[in-house]
Amino acid sequence: MKKITKQTYLDWYENMLFWRKFEDKLAQVYINQKVRGFLHLYNGQEAVLAGSLHAMDLTKDKMITAYRNHVQPIGMGVDPKKVMAELYGKATGTSQGLGGSMHIFSKEYRFYGGHGIVGGQIPLGAGLAFADKYYDRDAVTLTFMGDGATRQGSLHETFNLAMLWKLPVVFCVENNGYAMGTSVERTANHTDIWKLGLGYEMPCKPVDGMKPEVVAKEMDEAIERARRGDGPTFLELRTYRYRGHSMSDAQHYRTKEEVKKKQEEDPISYVLHHIYEKKWATEAEIKKIDKKVKDMVSECEKFAEESPYPEKHVMYDAVYEQEDYPFLPHKL
């Protein structure tokens with residue numbers, strides 16, 4: 001695994017803070033109706049991404065996830081201004097404003113979505129890994145899902161074939177405890193989601209998803225196993241989201257006291273405490289990072305605000321049409 005150094009922690013702090021503030025800004029503009037539709041925020045889960053990125057080879061490895069997908073492409077290298085513009089529905093967005101919040105995508109940076117269908121990305125992630133194995137490419141695909149998606153039948157079908165074919169994929173469930181709004185305890189007879197891998201003799205384990213260095217270590221082991229050709233791993237990354245499932249979530253299923261207690265484990269505060277404890281930065285240096293992050297978020301907002309909406313023909317250009325389609329009358 002790449003060495004975890006002083007600079008690693010400083011980068012983690014800056015990146016995680018930026019992801020948090022980026023999405024805080026999205027929440028603000030959503031209330032102002034500048035971002036429409038659903039909006040699923042990642043607040044609290046940043047250590048999962050930070051640790052995963054440290055273990056990946058960003059020149060060839062891939063990532064796919066569900067609809068809580070705004071900051072992952074930024075971590076993979078996508079310009080955050082383009083991500084915010086996409087959420088605004090602007091022409092300068094990652095998909096010319098046609099994808100929106102749940103469908104951020106970048107082939108260039110090997111980020112394959114952003115999927116609105118619960119669990120839909122699980123077999124797709126295995127498919128990406130299958131292609132890499134078929135073409136003998138030295139790449140690994142990280143396939144993320146929420147705890148609610150693990151109840152989908154497609155997960156079991158995918159696990160079976162991924163093990164049978166020894167695909168270079170790491171399955172990662174970000175267990176934030178509540179899926180859409182129902183606790184893990186109320187959706188299955190077991191609470192240890194990682195044990196689902198045992199039925200396929202797939203290496204699997206729980207991981208503290210609030211500490212980036214722990215995530216990095218376990219993810220590195222799983223990625224290297226996949227890269228060697230030994231097949232997939234299933235990791236249950238135990239984390240917590242501080243906001244609702246989406247912006248429309250009233251959160252009646254948990255108490256404010258519970259959220260407040262969980263915020264004591266905030267991964268950003270954890271990393272900052274570690275930096276101060278090791279005397280790797282002064283308060284003045286941290287304030288400089290804070291200001292840099294604030295300025296970056298403002299640049300993203302300005303870019304999105306000033307970008308034009310796509311022309312109407314762009315929407316129609318993305319829709320398939322066959323004029324002589326059988327079974328349908330030519331004039332409706």
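## Basis

The model is predicted: local features need pLDDT of at least 70, side-chain atom pairs count only at pLDDT 80 or more, and totals for chains, interfaces and linings use all residues. Residues are numbered from 1 along each chain as its sequence is written, and side-chain values use heavy atoms, with hydrogens and water left out.

## Overall fold

The chain holds 11 helices and 5 strands, taken as DSSP runs numbered from the N terminus (helices H or I, at least four residues; strands E, at least two). Its C-alpha trace spans about 75 × 50 × 45 Å along the principal axes.

The radius of gyration is 20 Å, which agrees with the value near 20 Å for a compact globule of 332 residues; the radius is taken over C-alpha atoms, and the globule rule is 2.2 Å times the number of residues to the power 0.38. Of the contacts (heavy atoms within 4.5 Å) with a separation of 6 or more, 74% join residues 24 or more positions apart.

## Burial and surface

Buried residues make up 51% of the 332 residues, where buried means under 20% relative accessible area, exposed over 50% and partly exposed in between (1.4 Å probe, protein chains only). Carbon and sulfur atoms hold 53% of the accessible surface of about 16900 Å², computed by the Shrake-Rupley method with a 1.4 Å probe.

## Thr65

Thr65 lies in the loop between strand 1 (62-64) and helix 3 (71-76). Thr65 is buried because its relative accessible area is 3%. Leaving aside residues up to four places away in sequence, Thr65 touches Gln72, Phe111, Gly113, Gly114, His115, Gln121, Phe144 and Glu174.
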